[in-house]
Amino acid sequence: QLQASGGGLVQAGDSLRLSCVASGGTFSRLVMGWFHQAPGKEREFVTAITRSAVSTTYADSVKGRFTISRDNSENTVYLQMNRMKPEDTAVFYCTADLKYSSSPTEYSYWGQGTLVTVSS
């Protein structure tokens with residue numbers, strides 16, 4: 001089970017940190033990722049991190065602004081979002097699987113989503 005939190009309303013240029021706590025499995029075995037889905041759009045890849053946090057991948061739209069990290073001792077993955085833009089407005093979902101991928105169809109486990117709204 002994945003429980004995401006930390007969403008809210010911010011202004012353009014602000015920062016926000018999302019958290020996602022995993023339960024019911026061996027967190028350190030899981031690849032973790034974040035996707036977002038804006039109104040009327042498909043779910044899109046944001047970032048992913050490998051089991052030991054050696055490798056990360058980012059969508060071009062967030063490179064240099066967002067940072068994914070994980071704490072395997074706390075079963076938690078984080079998404080630090082800086083210099084936020086109105087186009088970042090979306091529901092953000094954390095996700096997990098044994099495979100490392102940027103495709104939503106490759107992830108088996110999904111959190112409930114947390115809404116992030118960035119005003120201009």
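Biologist: Which residues is Ser28 in contact with, leaving aside its neighbours within four places in sequence?

Modeller: Ser28 is in contact with Arg51, Arg70 and Asn72, where contact means heavy atoms within 4.5 Å. This is a predicted model, in which local features need pLDDT of at least 70, side-chain atom pairs count only at pLDDT 80 or more, and totals for chains, interfaces and linings use all residues. Residues are numbered from 1 along each chain as its sequence is written, and side-chain values use heavy atoms, with hydrogens and water left out.

Biologist: Why is Ser28 called partly exposed?

Modeller: Buried means under 20% relative accessible area and exposed over 50%, with partly exposed in between (1.4 Å probe, protein chains only). Ser28 has 36% relative accessibility, so it counts as partly exposed.

Biologist: Where does Ser28 lie?

Modeller: Ser28 lies in the loop between β3 and β4; strands (E, at least two residues) are DSSP runs, numbered from the N terminus.

Biologist: What makes β1 and β3 a pair?

Modeller: Two strands pair if DSSP finds at least two bridges between them. β1 and β3 have 4 bridges in the antiparallel sense, so they meet that definition. The bridge partner of Ala4 in β3 is Cys20.

Biologist: What makes β1 and β7 edge strands in the open sheet?

Modeller: The sheet has 4 strands in the order β1-β3-β8-β7, with antiparallel pairing. β1 and β7 each pair on one side only.

Biologist: Which residues touch the most other members of the largest nonpolar core?

Modeller: They are Trp34, Met81 and Phe92, among 34 residues. Such a core is a set of buried Ala, Val, Leu, Ile, Met, Phe, Trp, Tyr and Cys residues joined through side-chain atoms within 4.5 Å.
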